[in-house]
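Subject: Handing over the structure, with notes on its two ligands

Dear colleague,

Please keep the view open while you read.

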Amino acid sequence: MANVAVIGSQWGDEGKGKIVDWLSSRADVVVRFQGGHNAGHTLVIDGVTYKLHLLPSGIVRKGKLSVIGNGVVVNPWALMEEIETVRAQGVEITPETLVLAENANLILPVHPAMDEALEAARGKGKIGTTKRGIGLAYEDKVARRGIRVCDLRHPEFLKEKLEALLVHHNALLKGLGAPEIDLNQTHDDLLAIGEQILPFSGVVWKILDEARHQQKKILFEGAQGMMLDVDHGTYPFVTSSNIVAAQAATGSGIGPKAIQYVLGITKAYTTRVGAGPFPTELNDEIGNRLGEKGHEFGTTTGRKRRCGWFDAVIVRQSVKVGGIDGIALTKLDVLDGLDELKICTGYELNGEKLDYLPASQVDQANVKPIYETLEGWNESTFGARSYADLPAAAIKYIRRIEELIGVPASVLSTSPERDDTILVEDPFFV
Ligand code: GDP
Ligand code: IMO
Ligand code: MG
């Protein structure tokens, strides 16, 4: 029996929410361990859609414990709003079903304000962040001036910390020509929201340690995707956290041996939202078709996602760097009806062939994809629930991907609906 970590293997939006929700029937505890409300995870259950940003995707199942770990940056107002939205959809959320790590860092109003001002100042070099203040909150954490959930219990101490934090940011905001943030207002607002979120706070590392000793199954839910990892992604066009499965341990307070299987969620083609290199991007009819058929609009910001062919180079790299044991291949149905499909198997850079994505921003902008072409299929795979329902050309496409990335497709997904999923190898029992 294993604990499983789910991570995105591309640039996010691979379908992590759907797969985590589906897998969570087998788990006891579901844990978010990095990112924040920049994430947008979509679940569709019997035609009802749930859009989650901070809440773990296990929240909709009764009898599961949902945990927001210390590695997540938490906007307390966004959290309460999301809790209310999901409660309004009939989901019960109480301190018995949701625990927020007391040592998680908070996103304060100054963080999105700075995010916005910095993006504007970057001009053409902008990252295309979600403007949620994610990067700024992580900066404050590492700079050791961050405000944490547990600080909300100590009003005077909170004010001192807040003052130091705002001295820093207000100087920058002034320099950027943006309005400054008021100390007293932020303090009052934080104390008010603290009353609402503190009942959910808990000692997550202890809860997970106990769960482990009781042989409970833990499912770790990653946000974003490997190519957005702050170390291993397309830096600086990345988010500000680590996405790799190792982060599931640091971001929740459990040892690395607690994770036995890493499932990499992988879209059957490639998308990216925001700026940055994207070697297999298609600025043509096929790219538009993928976007339309795949409904490729951001769950969090509504922005149009850029679309392109499957890039086996980046997924292979994610498999190795992220510690991925098997993938869940999603959105296969979106490829239905294409005459032929291309897979990027390597890059060309300055006349040389590469089997990996180099780290340099300059090189990443210049690599050209080397493609191989596969036959498409006309049959519909939408909603297929077994391998027997898939056309031979689709199976060939999957097999080729497995060969190129070096790990099996353990799960296949053929529609947004929870149960339109094909299980090949159960990650909890390998
Ligand atoms: P996440 O951020 O990785 O959780 O992914 P998002 O929820 O942002 O985006 C994935 C989108 O694809 C959502 O709208 C899902 O409902 C949808 N989706 C997931 N799996 C499939 C699939 O196999 N087929 C189709 N057509 N849509 C899917
Ligand atoms: P899920 O969990 C796709 C992207 C942003 C931007 C970059 C930095 O739904 O897969 P940030 O606000 O994090 O500082 O933005 O990262 N980004 C995502 N792209 N899916 C996500 O999450 C993302 N979270 C952040 O578009 O390019
Ligand atoms: Mg998403």
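For sorting residues by class, Ala, Val, Leu, Ile, Met, Phe, Trp, Tyr, Cys and Pro count as nonpolar, Asp, Glu, Lys and Arg count as charged, and the others, Gly among them, count as polar. On that basis the shell around ligand 2 is made up of seven nonpolar, 10 polar and three charged residues.

This is a predicted model, in which local features need pLDDT of at least 70 and side-chain atom pairs count only at pLDDT 80 or more, while totals for chains, interfaces and linings use all residues. Residues are numbered from 1 along each chain as its sequence is written, chains are lettered from A and ligands numbered from 1 in the order in which they are written, and side-chain values use heavy atoms, with hydrogens and water left out.

To stay with ligand 2, 20 residues surround it, where a residue is near a molecule if one of its heavy atoms lies within 4 Å of it. The closest are Asp-13, Lys-16, His-41, Thr-130 and Thr-239. Oxygen atoms of ligand 2 take part in polar contacts (pairs of N or O atoms within 3.5 Å), including one at 2.6 Å from a polar side-chain atom of Thr-239 and one at 2.7 Å from an N or O atom in the side chain of His-41. The protein buries 98% of the 550 Å² that ligand 2 exposes when taken alone, as computed by the Shrake-Rupley method with a 1.4 Å probe.

Turning to ligand 1, 18 residues lie around it, and Lys-16, Gly-40, Thr-42, Asp-333 and Ser-413 come nearest. An oxygen atom of ligand 1 is 2.6 Å from an N or O atom in the side chain of Thr-42, and a polar backbone atom of Lys-16 is 2.7 Å from an oxygen atom of this ligand. Arg-305 also places a polar side-chain atom 3.1 Å from an oxygen atom of ligand 1. On its own ligand 1 has 590 Å² of accessible area, of which the protein covers 93%. By class, its shell holds two nonpolar, nine polar and seven charged residues.

Best wishes

Terms used
Polar contact = N/O pair within 3.5 Å; in protein donor to acceptor, adjacent residues only side chain to side chain.
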